[in-house]
Amino acid sequence: MKLKITLGVGLWALGASMVHAADLTPQQALLSLQGEWTGALEYRDYQSDQWFGLPVSRTVTPLEDKATVLETSRYDDGPKTGIVYIYSLSGFEPDGKTLASASFRKGKPASEDRETVSLARGATADNWTLYFESTATDDERPARIRVTMTYKDNAYTTLKEIDFTDDATETWVTRNRSHMKRVKP
């Protein structure tokens with residue numbers, strides 16, 4: 001099973017906290033995630049239909065070009081696997097709406113993703129919601145994927161939902177969710 005914990009983060013300006021709501025872009029909203037985070041990832045196992053939770057720590061770092069972001073996620077996957085590290089590089093394409101990401105995890109094939117990103121109305125630098133949409137595979141099946149990320153009070157949540165496209169129905173199921181609290185800016 002592929003656990004994708006990609007925030008989908010692209011950062012251009014370091015002054016996002018001073019941006020007015022009318023000027024806020026998805027890239028600037030994501031800037032507020034720079035720093036260190038701790039929390040939990042909960043994921044749904046498709047075979048057993050049970051939920052599992054893992055403590056997670058995450059660091060979000062803009063690189064020198066201020067257009068690429070490195071995200072490092074760490075979680076303990078039990079005594080057999082141990083600590084898992086997932087490294088993701090992300091950046092927005094020139095249209096400002098498409099986030100391109102590549103993720104790397106020891107023992108797994110690298111993954112490349114492109115997501116369309118939109119910002120909810122009324123967003124401010126301190127309180128925003130982003131929507132990420134893509135098509136990919138999940139559980140080795142073709143799927144539409146949507147992620148909702150909400151940030152407020154130095155905390156954020158993500159909700160990843162999947163609609164498998166190899167069936168005749170539109171049924172969205174929750175795949176995973178995370179709850180993260182800022183440890184250090």
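Glu 161 and Arg 146 form a salt bridge whose closest N and O atoms are 2.9 Å apart, a salt bridge being a side-chain nitrogen of Lys or Arg within 4 Å of a carboxyl oxygen of Asp or Glu. The pair links distant parts of the chain, with Glu 161 in strand β9 and Arg 146 in strand β8, 15 residues apart. This is a predicted model, in which local features need pLDDT of at least 70 and side-chain atom pairs count only at pLDDT 80 or more, while totals for chains, interfaces and linings use all residues. Residues are numbered from 1 along each chain as its sequence is written, and side-chain values use heavy atoms, with hydrogens and water left out.

**Confidence and overall make-up**

- The mean pLDDT of the protein chain is 86, and 88% of its residues reach 70 or more, where pLDDT is the predictor's confidence in each residue, from 0 to 100.
- Over residues 1–21 the pLDDT is below 50, and this stretch has 79 contacts in the model beyond near neighbours in sequence, a contact meaning heavy atoms within 4.5 Å.
- Read from the N terminus on, the elements run α-β-β-β-β-β-β-β-β-β-β.
- Of the 185 residues in the protein chain, 44% are buried, with buried meaning under 20% relative accessible area, exposed over 50%, and partly exposed in between (1.4 Å probe, protein chains only).
- Among contacts with a separation of 6 or more in the protein chain, 42% come from residues 24 or more positions apart.
- The protein chain exposes about 9,900 Å², of which carbon and sulfur atoms supply 52%; accessible areas come from the Shrake-Rupley method with a 1.4 Å probe, and for residues only the protein chains shown count as cover.

**Strand pairing around β10**

- Strand β1 (residues 35–45) and strand β10 (residues 173–184) run antiparallel and are joined by eight bridges, and two strands pair if DSSP finds at least two bridges between them.
- Within this pairing, Tyr 43 stands opposite Asn 176 in β10.
- Strand β9 (residues 155–164) is also joined to β10 by eight bridges, and these two strands run antiparallel, with Ile 162 standing opposite Val 173 in β10.

**Salt bridges**

- The structure holds 12 salt bridges, and in general, side chains of opposite charge can pair when their charged atoms come close.
- Salt bridges that share partners join Glu 93, Glu 112 and Arg 114 into one network.
- The side chains of Asp 138 and Arg 175 meet in a salt bridge (3.1 Å, N to O), and this pair links distant parts of the chain, Asp 138 in strand β7 and Arg 175 in strand β10, 37 residues apart.
- Asp 138 is buried with a relative accessible area of 5%, and Arg 175 is buried with a relative accessible area of 4%.
- Arg 144 and Asp 163 meet through their side chains in a salt bridge (3.3 Å, N to O); Arg 144 lies in strand β8 and Asp 163 in strand β9, so the pair ties together parts that are 19 residues apart in sequence.
- Arg 144 is partly exposed, with a relative accessible area of 31%, while Asp 163 counts as buried at 5% relative accessibility.

**Nonpolar surface patch**

- Ile 83, Tyr 85, Tyr 87, Leu 89 and Phe 104 make a nonpolar surface patch of about 460 Å²; patches are made of residues with over 30% relative accessible area and no salt bridge, like charges being joined within 9 Å and nonpolar side chains (Val, Leu, Ile, Met, Phe, Trp, Tyr) within 5 Å.
- Strand β4 (residues 83–92) gives the most to this patch, with four residues.
- Tyr 87 lies in strand β4 and is partly exposed, with a relative accessible area of 37%.

**Individual residues**

- Ser 134, placed in strand β7 (residues 127–138), counts as buried at 16% relative accessibility.
- Not counting residues up to four places away in sequence, Ser 134 touches Arg 114, Glu 115, Ala 143, Arg 144 and Ile 145.
- Asp 49 has a positive phi of about 55 degrees although it is not a glycine; Asp 49 sits in the loop between β1 and β2 (50–62) and counts as partly exposed at 47% relative accessibility.
- Glu 140, also not a glycine, has a positive phi of about 60 degrees; Glu 140 is found in the loop between β7 and β8 (141–152) and counts as exposed at 81% relative accessibility.
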